[in-house]
Amino acid sequence: MRHNILNLIKSAGTNESDYKALQDIFTLYDQLQFASDIKQMSGDIFNWLNVTFKIDNVSIALFDIEKNNREDILIHGDQFFLDDSLSFFFIINTHTNLNAIVSFCATSKAHFELINKNYNIIESAFFQISPIIQNGIIKKNFIESQSLDSVTNVFNRHYLVENLNKQILLSGKEYKQIYFLMVGIDHFKAVIDEFDYDIGDRVLVELAKVIHANISEFDMVARLTGDEFLISVLSSSNEHDIINIANKIIEDFSKIEIKVSLIPEQVLKKTACIGYDVYTYSDEKSIDTTIKNADIALYEAKNKGRSQVFNFNDMKEEDTIDLF
């Protein structure tokens, strides 16, 4: 790749088309420097391919060499496969465990020949932008390490609260009421005691999946310590909807079967409880206080048995909270 761009720079002095190609490459390079994240960079790369070479079918992904895992960042146009006769793919080596894979497909044999003719230009461009892509991946990894739970891949509490405060500040009074649901697994410690932390992690991952399946894309979920998950519901301020969401999470999670042994085959089934409280924009009560109330409501729900939902506002003086 380095050899290609050096040749392009050398010939640009006397070849007008090569000079134009070099200009296009550095236009892309300059544009990517202002991109805020790897998704925006991927969008800029697609736009460059589309405008410069009329390429519409594009897939951009990150491949983790250590985990042998692929994460799609951008998919545009018709589906294609890497072994299609009209397809191309490039690996942008970022010198990290994550490499960017840019693949695309021509629309016809004539289009394929055009792209193939300009292969060295595209390769030169990807060589030139690889340091920027590397920085984007490093930034992505840093943000995720600071904001995501490593086991379940949901947000941590700090990120959820910080992000929520920003949204409230920017939206003014749009979010008049925000319900907070605290979800906890019944007798989760028994899972660790009887099995091990790997099985415990699998239980947590399954609960995270169930939660995500029952909330809107506008809602947020975070894992707190141990088996507790916090949900902030922005998609509805109707308590009836909140109760339905809570009951659906409890019902769906109770049906999950986790294999704990193959011979003989054994499965583990768990239940969960949910406590909730509501934050009102005009109240003096803070978000942190509301979250603490939802946590208290969760423990009260657990005191009442398995698969319970409890509203903090239903607490009575005689209610006692046995933390266990």
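Let me start with a word we will need: contact means heavy atoms within 4.5 Å. Two more terms go with it. Helices (H or I, at least four residues) and strands (E, at least two) are DSSP runs, numbered from the N terminus. For directions, axes are lines fitted to C-alpha atoms, for helices over the stretch in contact, and angles run from 0 to 180 degrees between N-to-C directions.

Now, what are we looking at? This is a predicted model, where local features need pLDDT of at least 70 and side-chain atom pairs count only at pLDDT 80 or more, while totals for chains, interfaces and linings use all residues. Residues are numbered from 1 along each chain as its sequence is written, and side-chain values use heavy atoms, with hydrogens and water left out.

Let's begin with the sheets. Strands of a sheet pair through backbone hydrogen bonds, either parallel or antiparallel. Here, two strands pair if DSSP finds at least two bridges between them. If you find Met220, you will see Ser232 of E8 standing opposite.

Let's move on to another sheet. This open sheet has four strands in the order E2-E1-E4-E3, with antiparallel pairing. Strand E2 (69-76) and E3 are the edge strands, each pairing on one side only. From one strand to the next, the twist averages 20°. E3 and strand E4 (residues 98-105) are antiparallel partners over six bridges, and Phe89 stands opposite Ser103 in E4. A helix packs here too: helix H3 (residues 38-53) touches strand E1 (57-64), E2 and E4, with its direction at about 50° to that of E2.

Stay with Phe89 for a moment, which lies in strand E3 (residues 87-92). Is Phe89 buried or exposed, or something in between? By our cut-offs, buried means under 20% relative accessible area, exposed over 50%, and partly exposed in between (1.4 Å probe, protein chains only). Phe89 has 42% relative accessibility, so it counts as partly exposed.

Next, the charged pairs. Side chains of opposite charge can pair when their charged atoms come close. We call it a salt bridge when a side-chain nitrogen of Lys or Arg is within 4 Å of a carboxyl oxygen of Asp or Glu. How many salt bridges does this rule give? The count comes to eleven, and I will show you some of them.

Arg157 forms a salt bridge with Asp288, with the closest N and O atoms 3.6 Å apart. Arg157 lies in helix H6 (residues 157-171) and Asp288 in helix H10 (residues 287-303), so this pair ties together parts that are 131 residues apart in sequence. Arg157 is partly exposed at 30% relative accessible area, and Asp288 is partly exposed at 37%.

Lys302 and Asp227 also meet in a salt bridge, at 3.5 Å from N to O. Lys302 is in helix H10 and Asp227 in the loop between strand E7 (220-223) and strand E8 (229-233), so the pair ties together parts 75 residues apart in sequence. Lys302 counts as buried at 11% relative accessibility, and Asp227 is buried at 13%.

Then there is Glu206 with Lys209, at 3.7 Å from N to O. These two are three residues apart in helix H8 (residues 197-213), separated by about one helical turn.

Finally, a look at the backbone. Most residues other than glycine have a negative phi, and most peptide bonds are trans. Asn153 has a positive phi, near 65°, and lies in the loop between helix H5 (119-147) and E5. At 56% relative accessibility, Asn153 counts as exposed. Ser307 has a positive phi too, near 55°. Look for Ser307 in the loop between H10 and E12, where it is partly exposed at 31%.
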